[in-house]
Amino acid sequence: MSRRNTRSASPTNGDSPTKKDYAPANPSHLRQFEYPPDTPKPLSTSPSHFSEPLDYFGGYVDNVGSGTITSAAEGGNAFLPDSRPNHAAIDRVSGGESQGSSGETSPEGPATPLGYHSYPATPGYGGFYGINAPATSGVEDGIPSAINDGLFSSGKKTMTGWLAQKNGVEHPRLMYLTYYIPFLNWFRQYEWRFFTGDLIAALTMASFYIPMSLSYASNLAHIPAINGLYAFAINPIIYALLGTCPQMVVGPEAAGSLLTGNVVRDSISRGRSHEGQDMLNAQIAGVVTGVAGAILLIAGGARLGFLDNVLSRPFLRGFISAIGIVILIDQLIPELGLSHLAAETGGVAHGSCIDKLMFLVRNVDKAHALTAGVSLGSFAVILVCREIKKRLQPRYPNAAYFPDRFLIVVSTTLLCWRLHWDQQGLPILGDVQSASGHPFPATNPFNFSNLKHIDSALSTSFVIALLGFFESSVAAKSLGGAPTDGIQNMHLSSNRELIALGVANIVGGVFMAIPAFGGYGRSKVNASTGGKTPMSSILLSLITILCILFVLPWFYYIPRGVLSAMISVVAYSLIEEAPHDLHFFWQIRGWMELSLIFVVFASTVFYSLTVGIACGIGFSLLRVIHHATRPRIQILGRERGTADTFENAEADPERFELIEGCLIVKIPEPLTFANTGELKARLDKLMNYGTSKAHPALPRVRRDHHNKNIIFDVRGVTSLDGAGVQVLKDILQGYRDRHSRVFFCRVAGGSSGVVWRLLRSSGIVELVGGDGHFVGSVREALRLSEVEDVIEGEGIGGGGGENRGREGRREGYRDEPDQ
């Protein structure tokens, strides 16, 4: 049974049509079992002046036997892309007989033309539920809907507002407010039963990460240690108010701190600041943090949440592994007690990774024994405890929360105080206080006097923002939103995450904190120790604030080498994941990925972080541009030995055969200025060789009569831009000049879509022959090409057998699945 007869016959007894009358014989499960509640209005009958139902040509057939066509301009209606053709007329022209499910053709179709397996384009089918729903422009989510529905002003309601009103949502303004300010949502649901778990999680994280924040600020960012505490005092509480992942905790990270320190050291090397100017260096760090936050905030307002997909896994692996190597070598200098010697040796303190490595090789014999023993001993103890906890976790999950690093810091601090190690040459943290003397100094990172620092910090801040947002996205997606037994109705949103992280870092920049983002390890500790709500982040901030106000004097005797050892453990964890990725890409022969990892790693280690970032992003952009500018068109052919299977003929040339006299091209992607430039060259290859894989040096092997009918399956072309339409029109003009027929099928969006509007307004519809050359399926286009062959006198007489052979091969055609 041919595909055109799968639709149920239209009602002829005068009754109003029902959903079932126009439903396909085998609808999808969604439409088969869940029809909308509202029945559409009855459809009117066809216009009385039609002598025959609409045909493919945009008119109707007056005399089928003679092939006379009456155009739409003479009284008929144009055949729109989602219309149903007159199969009876076409069958009589082509010599076929249309057999319905009951052995007869349907005497009268619905007035609303329907494509195959389609429902009437009326309210209640696949769209809004009810005929009184508001018309929309396609932008029905986000801030525009909130504004239109009266969050900030009164206006015409959008689809969201209409659905809220229809389903009894009493306070739509509060609905939007709780969405954009999640604190208003989760705080109303908070229960005291959550508090114990949140408090334990906050205390656990404080014991782990407060010493780490001191290390990041003093050893990586090269600013006063207290500025690392500001990142835990300010950013988590801001994120708790605006963030969309309840269990994620933001804080400073090794990569962001190292990049911030790179800007500080660059400023020192340029003479804009000096090593002893703690306040100025802290302000530079605040500028970096504030600019990174501003970039994130602007990206969130512009709805650029997809940016977390820009950085490829090979780029991140190469860059993160290189950062691990850089940190390890950088921290070896204070761990061996060579900091003073490095400061006296020119070109080492602010030199490249290789310069520092050569310095260590030349001066390893001058290492301070006590400092090296305490530092390397702490590093070894932390690694051993880490391995023990990893082995015990399967049987004793709570072993993961043993505060080994906190105990090491406390024990070495007490030993240093008791045994007077500081008097024996062991470097200690000393007074931990703000450079201004105030516990929470504030400054404007975007002040006019900071413009010279903004200029040098902009590129680094952009990379910090991108890396931080990517890590935060990975952490949020891994946690999977709110726990089932915690806060409900919290929906992850990458755009709102950008805004939350941006605001948090802008406020952190005001207090000269180092950049802070969500971390997977820290957030996992929070979730595993009982933290179920953002209250754990607020408690962590409060604990840090108490430390700043009352506990800072106790940090005086913390050995700097122990803080360096803790950072070295983090650097080791950044490197240990690299062998797995390298083995994976080697196994799948991903030479491009391995090349990217090597380029980024080598340029970062042997030159600088800036060069590594530039090489990695440049290499990645080249790959994206190369991929975007190559149109992925396909030539369709029939599978040998079958009558109804058409797929990509180039996938297996021995398995598929091309259709005689027709070139069927599938375009599975939107057409833009980027990929239409190469489209003509790819189409010319198909016309000359029947494949896009042939080298252009080959003489033309495909004959002209095989390109008589060119059929474009454009279902995948969901969008067009002006430049793409212009190039497409030039290509089609060339086909028409060669007297080739052009047909389009399955235009995305039908007659009301943006693609159809652009095709009509650009003149493409008239160029290819009018509305009748836009049909609902590839099968209809094939049948229509034969109708036009007969009408033009092609194949009549001696050539009739050839045409009947083509028809026999085309009978039973079914559309290929989307690939």
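Predicted model: local features only at pLDDT ≥ 70, side-chain atom pairs only at ≥ 80, totals over all residues.
Buried, as the word is used here, means under 20% relative accessible area, exposed means over 50%, and partly exposed lies in between.

**A covered helix: H28**

Helix H28 takes in residues 778–791 and is mostly covered, with 12 of its 14 residues buried. The buried residues are Val778, Arg779, Glu780, Ala781, Leu782, Arg783, Leu784, Ser785, Glu786, Val787, Glu788 and Asp789. From its first C-alpha to its last, H28 reaches 20 Å, close to the 20 Å expected at 1.5 Å a residue.

**The chain as a whole**

Stepping back, the protein chain holds 29 helices and 11 strands. Of its 819 residues, 49% are buried. Among contacts in the chain with a separation of 6 or more, 77% are between residues 24 or more positions apart.

Helix H19 covers residues 535–551, and its 17 residues should span 24 Å at 1.5 Å a residue; the end C-alpha atoms are 23 Å apart, which agrees. Buried residues of H19 include Met535, Ser536, Ser537, Ile538, Leu539 and Leu540. Further along, Ser541, Ile543, Thr544, Cys547 and Ile548 are buried as well. What do the buried residues of H19 pack against? Their partners are helix H6 (183–189), helix H7 (195–220), helix H8 (226–242) and helix H18 (520–528).

Two packed pairs are set out below.

| Helix pair | Angle | Axis separation |
|---|---|---|
| H24 (residues 673–689) and H25 (residues 722–737) | about 20 degrees | 8 Å |
| H9 (residues 254–269) and H11 (residues 313–335) | about 65 degrees | 11 Å |

Take H24 and H25 to begin with. Angles under 35 degrees count as roughly parallel, and H24 and H25 are therefore roughly parallel to each other. H24 passes H25 in a right-handed crossing. On the H24 side, the residues in contact are Phe673, Thr676, Leu679, Lys680, Leu683 and Met687, and they meet Ala723, Gly724, Val727, Ile731 and Tyr735 of H25. By class, the contact of H24 with H25 is made up of 8 nonpolar, 2 polar and 1 charged residues.

H9 and H11, in turn, cross in a left-handed way. H9 contributes Ala254, Ala255, Leu258, Leu259 and Arg265 to the contact, while H11 brings Phe319, Ile323, Val326, Ile327 and Asp330. The contact of H9 with H11 has 8 nonpolar residues, no polar ones and 2 charged ones.

**A closer look at Arg265**

Arg265 belongs to helix H9. Is Arg265 buried or exposed? Its relative accessible area is 12%, so Arg265 is buried. Leaving aside residues up to four places away in sequence, Arg265 touches His222, Asp330, Ala349, His350 and Lys356. One of these, Asp330, is also on the H11 side of the contact between H9 and H11.

Asn495 sits in helix H17, which runs over residues 494–510. At 16% relative accessibility, Asn495 counts as buried. Which residues does Asn495 touch, not counting residues up to four places away in sequence? They are Gly300, Arg303, Leu304 and Gly305.

Met512 lies in the loop between H17 and strand E4 (516–518). Its relative accessible area is 1%, so Met512 is buried. The backbone of Met512 deserves a glance too: phi is near 60 degrees, a positive value in a residue other than glycine.

**His739, another positive phi**

His739 has a positive phi of about 65 degrees, although it is not a glycine. Where is His739 placed? It is in the loop between H25 and strand E10 (741–745). With 60% relative accessibility, His739 counts as exposed, whereas Met512 is buried.

**Thr160 in H4**

The last stop is Thr160, which is part of helix H4 (residues 159–166). A relative accessible area of 27% makes Thr160 partly exposed. Thr160 and Pro172 are 12 residues apart along the chain, and their C-alpha atoms are separated by 9.4 Å.

Note on methods
Residues numbered from 1 in each chain as written. Heavy atoms only, no water. Axes fitted to C-alpha atoms, helices over the stretch in contact; angles between N-to-C directions. Helix = DSSP H or I, 4+ residues; strand = E, 2+ residues; numbered from the N terminus. Parallel < 35°, antiparallel > 145°, perpendicular 65-115°, else oblique. Left-handed = near helix turned anticlockwise from the far one by under 90°. Contact = heavy atoms within 4.5 Å. Nonpolar A, V, L, I, M, F, W, Y, C, P; charged D, E, K, R; others polar. Buried < 20%, exposed > 50% of the residue type's maximum accessible area, 1.4 Å probe, protein only. Expected span 1.5 Å × (residues − 1).
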